[in-house]
There are 2 protein chains.
Amino acid sequence: MRLLKERILKDGVVKPGNVLKVDSFLNHQMDIELFNEMGKEFKRLFADRPINKILTIEASGIGIACVAAQYFNVPVVFAKKAQSINIDGDVYSTKIESFTHKKTYEVIVSKKFISQQDHVLIIDDFLANGCALIGLIDIAASAGATVEGIGIAVEKGFQSGGDIIRNMGLRLESLAIVESMNPEDGTVVFRDGMN
Amino acid sequence: MRLLKERILKDGVVKPGNVLKVDSFLNHQMDIELFNEMGKEFKRLFADRPINKILTIEASGIGIACVAAQYFNVPVVFAKKAQSINIDGDVYSTKIESFTHKKTYEVIVSKKFISQQDHVLIIDDFLANGCALIGLIDIAASAGATVEGIGIAVEKGFQSGGDIIRNMGLRLESLAIVESMNPEDGTVVFRDGMN
């Protein structure tokens, strides 16, 4: 998606340790106009799929998922980090290893909100090693729901998550795939150029 | 806001311990059509204020804030629970005591995304004892930003947060104020009736 790639080139910051900071428009401050364009693009990419629900994970996937949901006319369910006393016992849960936070945490979705009747589109802001996505796919599988597709804003193509997910036979669409980036000069190269 | 109150009566569940579960449409599964109506209402209520940014807090405030932001044509910034290694050192931070999770945690906003030029609308899904909101107000104050108003979906009017915030002289608009609720029979009474 050209608009997103241009924005990454303009406002993304490459840091040592394979960190791409896009916090000025994607996952701390959020540009809602951009999110709308991303939502339209997800709808275009998954127009042929019978999606009745969007599944995401707290926190930074929620904004993109909610704005995108308007183009699908479906509700959003977000997987919660397991700590709330307000969640009933009846949940699907999975463990996720966080690359960013260097720890493992449990996320849960109430059984009330995902079932074998559901055809879900999974949306998240970032795909790197794929742990968060695999957790969401695991929750969908536990519920017997069908994963119709996965929509990602920014994929780090040089990490393994994208290959792992595609090798599972799932349809994964990333709006920008970073092929390489250089913290020395700040350059970012995309897999399919600027298309 | 009548639509939200009707939805609380229809799908909200009153639990012992002053818990009002609205997780089927507000803060686990999210009804984006309802969020759009709430966003329009926030715009109507704060139309006279020169708002250039919406400030919220992860996780369940993000969806409402992002959908509402479309009616204000402004970006959203969400306060993050302090754990990310990707946040620069240059942040405003505050401590928040969570009623739900029975613990204290630190939240942060990068200094890049809130400044004395900002006129913020604070949005969140719930107001009970006010700790999360007071934390956000504290962050705005640290940045020298102006809090133009606070928009809440559901306020528990029988807890102290609403009074504390209003006594600070801030304009607080809650779309539904629960005056009382009864876990025995599941009834919910709103402060201003169904208006």
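Student: What should I know about numbering and cut-offs first?
Tutor: Residues are numbered from 1 along each chain as its sequence is written, and chains are lettered from A in the order in which they are written. The model is predicted, so local features need pLDDT of at least 70, side-chain atom pairs count only at pLDDT 80 or more, and totals for chains, interfaces and linings use all residues.

Student: Where is B:Ile64?
Tutor: In helix H3 of chain B, residues 61-72; helices are DSSP runs of H or I, at least four residues, numbered from the N terminus.

Student: Buried or exposed?
Tutor: B:Ile64 is buried, because it has 30 C-beta neighbours inside 10 Å; the cut-off for buried is 20 or more other C-beta atoms within 10 Å, with C-beta atoms placed from the backbone.

Student: Which residues is B:Ile64 in contact with, beyond four places in sequence?
Tutor: B:Phe35, B:Met38, B:Ile123, B:Asp125 and B:Ala153, where contact puts the C-beta atoms, placed from the backbone, within 7 Å.

Student: Over to chain A. How many residues of H3(A) are buried?
Tutor: 11 of its 12. Among them are A:Gly61, A:Cys66 and A:Phe72.

Student: And what comes just after H3(A)?
Tutor: A:Asn73, with a positive phi of about 55 degrees.

Student: Which residues touch the most other members of the largest nonpolar core?
Tutor: A:Ile54, A:Cys66, B:Ile54 and B:Cys66, out of 128 residues. A nonpolar core is a set of buried Ala, Val, Leu, Ile, Met, Phe, Trp, Tyr and Cys residues joined through C-beta atoms within 7 Å. A:Ile54 is in contact with A:Ala65, A:Ala68, A:Ala69 and A:Phe72, among others.

Technical notes: Helix = DSSP H or I, 4+ residues; strand = E, 2+ residues; numbered from the N terminus. Contact = placed C-beta atoms within 7 Å.
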